[in-house]
Amino acid sequence: QRPPGAKEGQIVPGFEDWQVPMTVDGTPVVVHGNLVLEGSESPIPWIALVLVAGAVAFVVGRGKSTFVAGIAMLVASVAALETGVVAFRSIPSAAGPNPLEIALPAVATVAAVLSVVLHRKPLGVVFTLASVASLSGWGFMRVQVLLHPVLPTTLSFNVDRGATALAFGCSVAAAVLAVRSGALVLRLPDLEFDDEES
């Protein structure tokens, strides 16, 4: 329940500069803090970013094999990797930070690089889809960042949310572009028959 007299974005009356004495590695310390009432986080701006990022990547990438899809995945994967590294380092090791915060976007980044290098070959589509799978997994793993007002990271909360939204938008667009490219369609060799055999 909302404490009496509390206003969003302000310190709750009666909870200014609370103190908790404790001992850290044998040294007595006092932890100071304030209780601030945060408002709810609307996911609407981030859903809009997902749609815009996906639409831009799709429109720019139409008719250009999978090159644009690979570039979109590379940009989104690098942003996710940097976000994941900060999020991982922001949580104390004793609290058990999730190594997938780094591992999934790292795999997505490597796959995206290979998809750009091999964009003219069917294997480039495979790497594009591999990047999509890794990055979208990272996004679904942390979809709650789009809903919570306070995040466990030292990175700007909006940057964290933006990277997550970008991961979703670029993943969807890249997957569609990869499938529409037709590079995964199995092409059978032309068969010639003699009139007598037919």
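**Aromatic pairing and nonpolar cores**

The structure, a predicted model, holds one aromatic pair. Its members are phenylalanine 140 and phenylalanine 168, arranged edge-to-face. The points below treat this pair and then the nonpolar cores.

**The aromatic pair**
- The ring centres of phenylalanine 140 and phenylalanine 168 are 5.1 Å apart, with 75 degrees between the planes; the arrangement counts as edge-to-face because that angle is over 60 degrees.
- Distant parts of the chain are linked by this pair, whose two residues are 28 residues apart: phenylalanine 140 belongs to helix 4 (residues 122–141) and phenylalanine 168 to helix 5 (residues 157–180).
- Phenylalanine 140 has a relative accessible area of 59% and is therefore exposed, whereas phenylalanine 168, at 12%, is buried.

**The largest nonpolar core**
- The largest nonpolar core comprises 17 residues; Met73, Leu135, Trp138, Cys170 and Ala174 have the most contacts inside it.
- At least two residues of this core come from each of helix 2 (67–90), helix 3 (100–117), helix 4 and helix 5.
- Helix 5 supplies the largest share, six residues.
- Alanine 174 is in contact with Ala69, Met73, Thr128 and Val132, when its neighbours within four places in sequence are left aside.

**A separate core**

Technical notes. Residues numbered from 1 in each chain as written. Predicted model: local features only at pLDDT ≥ 70, side-chain atom pairs only at ≥ 80, totals over all residues. Heavy atoms only, no water. Phe/Tyr/Trp six-rings, centres within 6.5 Å; stacked < 30°, edge-to-face > 60°. Helix = DSSP H or I, 4+ residues; strand = E, 2+ residues; numbered from the N terminus. Buried < 20%, exposed > 50% of the residue type's maximum accessible area, 1.4 Å probe, protein only. Core = buried A, V, L, I, M, F, W, Y, C linked by side-chain atoms within 4.5 Å. Contact = heavy atoms within 4.5 Å.
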